[in-house]
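Here is a briefing on one protein chain. Please look over the sequence and the model first; the notes follow by topic.

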Amino acid sequence: MIPPEIIEEIKYRCDIVDFIGGYVHLKRAGSNYNGLCPFHSERTPSFTVFPSSRSFYCFGCGAGGDVITFVMKRENVDYRSALELLASRVGISLPRDNNDGGSSEAVKRERVLAMNREAARFYHACLYDQNLGAAGLSYLQSRGLSGATIKHFGLGYAPDGFGSLTEHLTRLGYSAPELSSAFLCGISKKTGRPYDYFRGRVMFPIIDVTGSVVAFGGRVMDDSVPKYLNTSDTPVFKKSRNLFALNFAKSKCSERLILCEGYMDVISLHANGFENAVATLGTAITPEQARIMSKYTKQVIISYDSDAAGQRAADKAIKLLGETGLDVRVLRIPGAKDPDEFFKKNGRTGHEKFKLLLDGSRSQFDFKLDGVLSRYDISDVDQRVKAASELCRIISETSSAAERDVYIAVVSDRLEIPRDSLKNDVARIAKHRQSNEKSEEMQEIIRKTSGFGDRVNRDTVKNVSAVSIEENLLGILLCYPEFVKQVRDGSLGLSADDFYSEFNKRVFLSIMNRFDPTRAFDFGVLAEDFNADEMGRITSMLVRRQQLTQNDEEVLRDLISRLKEETRLHALEASGTKEDEMKAIMDILHKKGRKDV
């Protein structure tokens with residue numbers, strides 16, 4: 001166990017506002033800070049950082065905890081690994097846990113990052129080895145890449161041999177299972193022998209914003225399939241949370257960022273002076289990637305291929321990026337399918353011409369309008385009506401009345417349909433959508449209040465009332481640890497046996513076990529016993545109780561009394577108590593004076 005004074009020092013040096021502010025754009029709101037949640041898509045900020053309790057909580061998705069929990073959830077690591085990451089950030093060395101045998105997540109991350117670094121060096125060296133990488137170097141040069149660009153991006157070549165990289169890294173002391181966990185090698189099912197995962201491909205190292213090589217993308221140089229092979233998720237890499245070249249673009253994209261489909265488009269843009277370009281990693285854009293972009297820029301210009309697949313991908317990107325509040329535009333590249341082809345065709349004038357294209361990029365609505373009109377023959381009455389219906393649906397999704405009026409005017413002119421008619425249709429569709437959303441919202445409220453779908457506390461659905469009382473009781477203990485002393489000395493008459501739900505019983509026992517009367521209690525220490533989602537629930541107990549004015553001993557004793565009655569009632573139900581006896585007990589519960597919970 002890590003000494004509490006070391007944990008306290010790490011948290012002190014990693015100020016929660018400054019640290020989370022590196023991931024989320026925070027704005028002061030009284031004594032707290034608000035921002036768009038980094039864990040789910042939203043337009044209205046529901047994510048709050050509380051400096052006084054050094055905690056955060058999202059009232060939208062329920063994520064919460066302290067700075068350690070934030071790292072656990074953001075990086076998908078355990079408690080020890082999160083502490084390792086924070087400790088390394090502030091220059092603190094953690095004592096080794098003698099019980100983990102060197103197998104902790106933090107050790108795995110360190111080993112994988114070291115392996116990736118060595119692999120990147122190996123691939124880059126092979127590219128310039130005439131016996132191993134001539135084909136790869138020739139291919140990259142044929143794509144117009146200079147030596148400086150190749151070096152800048154650390155490009156390389158994976159030899160077309162069975163185990164060149166595996167043999168190299170094994171000699172450096174890495175084991176086959178370690179290489180396999182990093183997706184640098186596979187293990188043959190027939191022979192059990194390791195073999196290189198990437199072979200006969202030009203290699204693109206994926207580098208995160210801290211400068212660490214976290215993954216690789218490999219491209220064939222002919223028509224073989226798959227065209228691209230990418231690292232799958234590892235202890236240091238999640239495809240959904242990374243962007244190619246963001247390590248370079250992050251300091252160049254405060255006003256505008258260009259989103260591409262592939263590595264070569266990004267490299268071509270950077271080589272031609274547009275260093276604010278990034279790409280997703282072999283998959284369609286994810287909500288996490290959209291939120292990452294919103295951290296670094298105000299506007300995203302989507303530069304996807306002009307084919308049907310590219311346009312469908314652009315439509316999805318528009319939706320996800322728009323949900324983060326970004327200004328989203330779409331690039332049209334006349335005479336070329338992508339930026340790489342455009343620069344090859346335009347040579348020295350390519351930079352200025354491309355800049356003009358960026359400045360003239362289409363708005364989200366223009367892009368969707370063109371897409372709809374390309375699918376319908378508006379000279380035909382029936383097809384014009386279908387086009388109008390689809391466009392009215394698109395306009396109805398816009399919350400701004402002014403924007404709606406502008407879009408209606410454009411569609412009216414293009415389809416030669418009166419504005420009033422379009423406006424009425426848009427209003428009807430919007431009203432229907434709002435009705436459906438309210439219905440869904442009400443169903444969600446019913447689902448939550450009845451406990452269905454509660455993945456953290458699965459006992460909620462069995463007894464919503466008891467779990468609610470438990471959460472309020474625990475919330476007071478978290479807010480006012482001085483009451484913990486009274487619980488421990490028995491003066492309040494509360495024990496773990498009084499808890500109905502197993503999860504809340506665990507929380508209670510953790511508070512009792514980790515409470516140290518000689519030092520201030522920090523609820524963040526509970527993160528060693530609970531995962532990130534569970535810490536979110538615990539934080540909600542704390543935050544929701546802090547918002548109430550009455551948290552005195554009288555309220556606490558009332559909650560304890562009510563919990564004991566609920567527990568007793570449950571025991572009687574389980575033992576088959578008769579209906580009249582149950583009714584008498586219920587009457588007692590209803591007659592009790594209850595405080596605001």
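Two strands count as paired if DSSP finds at least two bridges between them. Helices (H or I, at least four residues) and strands (E, at least two) are DSSP runs, numbered from the N terminus. This is a predicted model, in which local features need pLDDT of at least 70 and side-chain atom pairs count only at pLDDT 80 or more, while totals for chains, interfaces and linings use all residues. Residues are numbered from 1 along each chain as its sequence is written, and side-chain values use heavy atoms, with hydrogens and water left out.

- Phenylalanine 50 stands opposite serine 55 in strand 4.
- Strand 3 (residues 47-50) pairs with strand 4 in the antiparallel sense, over four bridges.
- Four residues lie between the strands of this hairpin, and arginine 54 takes a positive phi near 50°.
- Strand 4 also runs antiparallel to strand 5 (residues 64-65), joined by two bridges.
- Phenylalanine 56 has glycine 65 in strand 5 as its bridge partner.
- The hairpin of strand 4 and strand 5 has five residues between the strands, and glycine 62 in its turn has a positive phi of about 85°.
- In a regular strand, side chains alternate between the two faces of the sheet.
- Strand 4 (residues 55-58) is covered on both faces: Ser55 and Tyr57 are buried on one side, Phe56 and Cys58 on the other.
- Buried means under 20% relative accessible area, exposed over 50%, and partly exposed in between (1.4 Å probe, protein chains only).

- Five strands make an open sheet with mixed pairing, in the order 13-12-14-15-16.
- Strand 13 (277-279) and strand 16 (362-363) stand at the edges; each has a single partner strand, so one side of each lacks a neighbour in the sheet.
- Strand 12 (residues 257-260) and strand 13 run parallel, joined by three bridges.
- Isoleucine 258 is opposite alanine 277 in strand 13.

**Helix 15**

- Gly350, Phe354, Leu357 and Leu358 are buried in helix 15 (residues 350-359).
- These residues cover an arc of only 100° around the axis, which puts them on the same side of helix 15.
- The arc is that of the directions from the helix axis to the C-beta atoms.
- Glu352 and Leu356 are exposed on the other side of helix 15.
- The cover over the buried residues of helix 15 includes strand 12, helix 11 (263-271), strand 14 (299-303) and helix 14 (339-346), where contact means heavy atoms within 4.5 Å.

**Nonpolar cores**

- A nonpolar core is a set of buried Ala, Val, Leu, Ile, Met, Phe, Trp, Tyr and Cys residues joined through side-chain atoms within 4.5 Å.
- The largest has 67 residues, and Ile20, Phe47 and Leu477 have the most contacts inside it.
- Helix 20 (residues 464-479) gives the most to this core, with seven residues.
- Another core lies apart from it, with 60 residues, including Tyr174, Phe204, Ala336 and Leu357.

**Cysteines**

- The count of disulfides (pairs of cysteine sulfur atoms within 2.5 Å) is zero.
- Cysteine 126 is in no disulfide; its nearest cysteine sulfur, that of cysteine 185, is 16 Å away.
- Cysteine 126 counts as buried, at 3% relative accessibility.
- Cysteine 479 is in no disulfide either; the nearest cysteine sulfur, that of cysteine 58, is 19 Å away.
- Cysteine 479 counts as buried, at 18% relative accessibility.

**Salt bridges**

- The whole structure holds 32 salt bridges, each a side-chain nitrogen of Lys or Arg within 4 Å of a carboxyl oxygen of Asp or Glu.
- Lysine 11 and aspartate 522 meet in one, at 2.5 Å from N to O.
- This pair links distant parts of the chain, 511 residues apart: lysine 11 is in helix 1 (residues 4-13), and aspartate 522 is in the loop between helix 22 (502-514) and helix 23 (532-546).
- Both lysine 11 and aspartate 522 are buried.
- A network of salt bridges links Glu8, Lys11, Arg54, Asp66 and Asp522.
- Glutamate 502 forms a salt bridge with lysine 505, with the closest N and O atoms 3.8 Å apart.
- Both lie in helix 22, three residues apart, about one turn of the helix.
- Glutamate 502 is partly exposed, with a relative accessible area of 48%, whereas lysine 505 counts as buried at 19% relative accessibility.
- Aspartate 529 and arginine 514 meet in a salt bridge at 2.7 Å, N to O.
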